[in-house]
Amino acid sequence: MTPEDIPLTVRALAYGYTRGSGFDVEGAPMHPDLEAVIATAAARLAANPEQVTKTVTVGPFNESRGAGFQGWSLAELAVLNRYRKRAQ
């Protein structure tokens, strides 16, 4: 996955979650709150695009990174659920 693909991937996930509600006919978000959800989720995905847990050890120091994007955060879900079309 290239860095250019990350926002498109997250936008597609948001589009699928809301079943297109809140997006225009070209698939672009129509509301600033949807754009913010896509930006924050894309930032988590960009921090670790391989989506694997990493641990780096240098001397006595360790750095561990989680798998990155593992789903929507509660704040993101609050926004996405306002646009989500629920099955009847």
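Predicted model: local features only at pLDDT ≥ 70, side-chain atom pairs only at ≥ 80, totals over all residues.
**Stop 1: helix H3.** Select residues 74-83, which form H3. Show the side chains of Glu76, Val79, Leu80 and Tyr83, the buried residues of this helix. Now look down the axis of H3. The buried residues fall within an arc of 95 degrees, so they line one face of the helix. An α-helix has 3.6 residues a turn, so residues three or four places apart point the same way. Next, pick Leu74 and Arg82. Both are exposed, on the other side of H3.

**Stop 2: the cover.** What lies over the buried residues of H3?

**Stop 3: H1 against H3.** Keep H3 and select residues 5-18 for H1. The two axes come within 8 Å and cross at roughly 50 degrees. That angle is between 35 and 65 degrees, so H1 and H3 count as oblique to each other. Zoom in on the contact. H1 brings Ala14, Tyr17 and Thr18. H3 brings Leu77, Leu80, Asn81 and Tyr83. Five of these contact residues are nonpolar, two are polar and none is charged. Leu80 and Tyr83 of H3 are in this contact and are also buried.

Stop 4: Move to strand S1, residues 54-58. Is S1 mostly buried or in the open? Zero of its five residues are buried, so the strand lies largely in the open. Select Thr55 and find Ser64 of S2 opposite. Finish at the turn, where two residues sit between the strands. Gly59 has a positive phi near 60 degrees there.

Note on methods. Residues numbered from 1 in each chain as written. Heavy atoms only, no water. Axes fitted to C-alpha atoms, helices over the stretch in contact; angles between N-to-C directions. Helix = DSSP H or I, 4+ residues; strand = E, 2+ residues; numbered from the N terminus. Parallel < 35°, antiparallel > 145°, perpendicular 65-115°, else oblique. Contact = heavy atoms within 4.5 Å. Nonpolar A, V, L, I, M, F, W, Y, C, P; charged D, E, K, R; others polar. Buried < 20%, exposed > 50% of the residue type's maximum accessible area, 1.4 Å probe, protein only. Pairing = 2+ DSSP bridges. Arc of directions from axis to C-beta.
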